[in-house]
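Please look over the model below.

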Amino acid sequence: MNIDKAAYSNIRRFLSNEMNVPSDAVRTEEMLNYFSFDYPNNNTDSLFRLESVITDCPWNPNNKLLLTKAFAPKINLENIPPSNLVFLIDVSGSMDQPNRLPLLQSAFKILTANLRNIDTISIVTYGGNVSIVLYPTSGAEKKTINAVIDSLSANGDTPGENAIKVAYQLAKGSYIKGGNNRVILATDGDFNVGQRTEKELEDLIVSYKELVISLTCLGVGMGNYKDSKLETLSKKGNGNFSYIDQVAEAEKILFREFTTTLFSVAKNTILNIAFNKEAVSAYRLIGFDNKRDAISDSSATLLGGEIGSGHVSIALFEIETTNTSAVDEIARIQLTYESTLNLTAKEQSMQLSNAYIPIHLLDSASRRTISIAAFAGLLRKSKFMKAYSYNDLLALANTSCNPLNTLENELLLLIQKADKFYNPSKRKKPRKE
């Protein structure tokens, strides 16, 4: 499990520019994470709170959906341990576009607004060469930090390998025991000098893992934006990954969701589910498509994800149920993780009851979750969605989205844009003179 949200904003960028959305860019779990704050989380306990519901499957009336939610412990900003953050900012020539370095400068100034006196900030840049432009500085020195951010300009090649080494060494030098130690890599994903392959970069990040310093990746830009590379690096660095396509997105990730993005309450988080074969004859996990190879590889070590404070993790399953409605237990969940709050390994379990709620009686947040999963399936041209159309999706989304809510209205508009883009006959024909 993870808190990555990059896929949704990246898809928004494609559709807003009337571009085809590559299937690999559609990561359903990240699209669900983007809207996870639809579920209010008041869990101030040190453990996760687990909930589940069974409902109708809109694209296959013969099946059902099982929606599970794991509410992470929520910590207020004032109670978060001190942070030691290293901003690692790509200032190479490819970043010299309005939607790249200038956008990142705005993003980091938004993040700086959240800093406290007890936090420590350093800034490393790479473009032509690697430079430490701000040595460890208190979060109280906001004017100094912002002045350095404003002074950045783009030029040169991309020595990403050396930059990562310098950033981690700087983080190590100002390490705070029991604190939130993290490198924040912000780039368009182009590493053209030094170690280039994903495997080499993965090995480099893993070699610093023992330092207990997390890695957050922020992606920007178009063209050579390396989505999969940044996702992989964040996983190997026990961190998370977001894509910033506009200033409003930076504000969402780094201000409103600051604690979720930058302070983890659990690491190596894995959710296991065991279905009761007396109640379920077949099941399909929706999303996590690019994790299937790792799961099927018996020689690979399956790593869990980082979960931020207050995050609501969603897992959605399409299930074929048996005719045995008398069975009380449909499945059992086991959640394992390493708590960063008390530095101990935790294991929680929950029995999922065979309780069904028709989809029209579900809360709007749950219907919206199902709409987003259906949207992802249509974008991926899933074989499971052949009998489902954008008209069907819009009908469902309209029952769950409030047009007066900016994000929810935007979701409706993106569905409509995708419908017109992938169904050209629906585009308005130009008037004849």
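The model is predicted.

Start with helix H1, residues 6-16. Ten of its eleven residues are buried, so H1 is largely enclosed by the rest of the structure. The buried residues are Ala-6, Ala-7, Tyr-8, Ser-9, Asn-10, Ile-11, Arg-12, Arg-13, Phe-14 and Leu-15. Both Arg-12 and Arg-13 are on that list.

After H1 comes Glu-18, with a positive phi near 50°. Glu-18 is not a glycine. Most residues other than glycine have a negative phi. Glu-18 sits in the loop between H1 and H2. Its relative accessibility is 64%, and exposed means over 50%, so Glu-18 counts as exposed. Asp-24 lies in the loop between H1 and H2 as well. Asp-24 is exposed too, at 65% relative accessible area.

## The H11-H12 pair

Two packed helices are described by the angle between their axes and the distance between the axes. For helix H11 (residues 364-379) and helix H12 (residues 390-398), the angle is about 160° and the axes are 9 Å apart. Angles over 145 degrees count as roughly antiparallel, so H11 is roughly antiparallel to H12. Their crossing is left-handed.

Which residues make the contact? H11 contributes Arg-367, Ile-370, Ser-371, Ala-374, Phe-375, Leu-378 and Leu-379. H12 contributes Tyr-390, Leu-393, Leu-396 and Ala-397. By class, the contact residues are nine nonpolar, one polar and one charged.

## The largest nonpolar core

In soluble globular proteins, nonpolar side chains tend to be buried together. The largest nonpolar core of this model has 47 residues. Met-31, Trp-59 and Phe-375 have the most contacts inside it. Several elements give two or more residues to this core: helix H1, helix H2 (28-34), strand E2 (64-71), strand E12 (312-321), H11, H12 and helix H13 (406-422). Which element gives the most? H11 does, with nine residues.

Phe-375 is part of the H11-H12 contact and is also among the core residues with the most contacts. Leaving aside its neighbours within four places in sequence, Phe-375 is in contact with Leu-15, Met-31, Tyr-390, Leu-393, Leu-411, Leu-414, Ile-415 and Ala-418. Tyr-390 and Leu-393 are H12 residues of the helix contact. Leu-15 is one of the buried residues of H1.

## The H3-H4 pair

Helix H3 (residues 101-112) and helix H4 (residues 142-150) also pack together. Their axes come within 10 Å and cross at roughly 170°. H3 and H4 are therefore roughly antiparallel to each other.

On the H3 side, the contact uses Gln-105, Phe-108, Lys-109 and Thr-112. On the H4 side, it uses Lys-142, Ile-145, Asn-146, Ile-149 and Asp-150. These residues divide into three nonpolar, three polar and three charged. The H11-H12 contact, for reference, has nine nonpolar, one polar and one charged.

## Asn-180 in strand E6

Asn-180 lies in strand E6, residues 180-187. Is Asn-180 buried or exposed? Asn-180 is buried, with a relative accessible area of 6%. Leaving aside neighbours within four places in sequence, Asn-180 is in contact with Pro-82, Ser-83, Asn-84, Leu-85, Leu-262 and Phe-263.

Val-212 is not a glycine, yet its phi is positive, at about 60°. Val-212 lies in the loop between helix H6 (198-207) and strand E7 (214-219). Val-212 is partly exposed, with a relative accessible area of 46%. From Asp-24 to Val-212 is 188 residues in sequence and 30 Å in space, C-alpha to C-alpha.

Thr-340 is found in the loop between strand E13 (329-339) and strand E14 (344-353). At 24% relative accessibility, Thr-340 counts as partly exposed. Thr-340 and Ala-266 are 74 residues apart along the chain, and their C-alpha atoms are separated by 5.5 Å. Leaving aside neighbours within four places in sequence, Thr-340 is in contact with Ser-264, Val-265, Ala-266 and Lys-267.

Definitions and conventions:
Residues are numbered from 1 along each chain as its sequence is written. This is a predicted model: local features need pLDDT of at least 70, side-chain atom pairs count only at pLDDT 80 or more; totals for chains, interfaces and linings use all residues. Side-chain values use heavy atoms; hydrogens and water are left out. Axes are lines fitted to C-alpha atoms, for helices over the stretch in contact, and angles run from 0 to 180 degrees between N-to-C directions. Helices (H or I, at least four residues) and strands (E, at least two) are DSSP runs, numbered from the N terminus. Angles under 35 degrees count as roughly parallel, over 145 as roughly antiparallel, 65 to 115 as roughly perpendicular and the rest as oblique. A crossing is left-handed if the near helix is turned anticlockwise from the far one by less than a right angle, and right-handed if clockwise. Contact means heavy atoms within 4.5 Å. Ala, Val, Leu, Ile, Met, Phe, Trp, Tyr, Cys and Pro count as nonpolar, Asp, Glu, Lys and Arg as charged, and the others, Gly among them, as polar. A nonpolar core is a set of buried Ala, Val, Leu, Ile, Met, Phe, Trp, Tyr and Cys residues joined through side-chain atoms within 4.5 Å. Buried means under 20% relative accessible area, exposed over 50%, partly exposed in between (1.4 Å probe, protein chains only).
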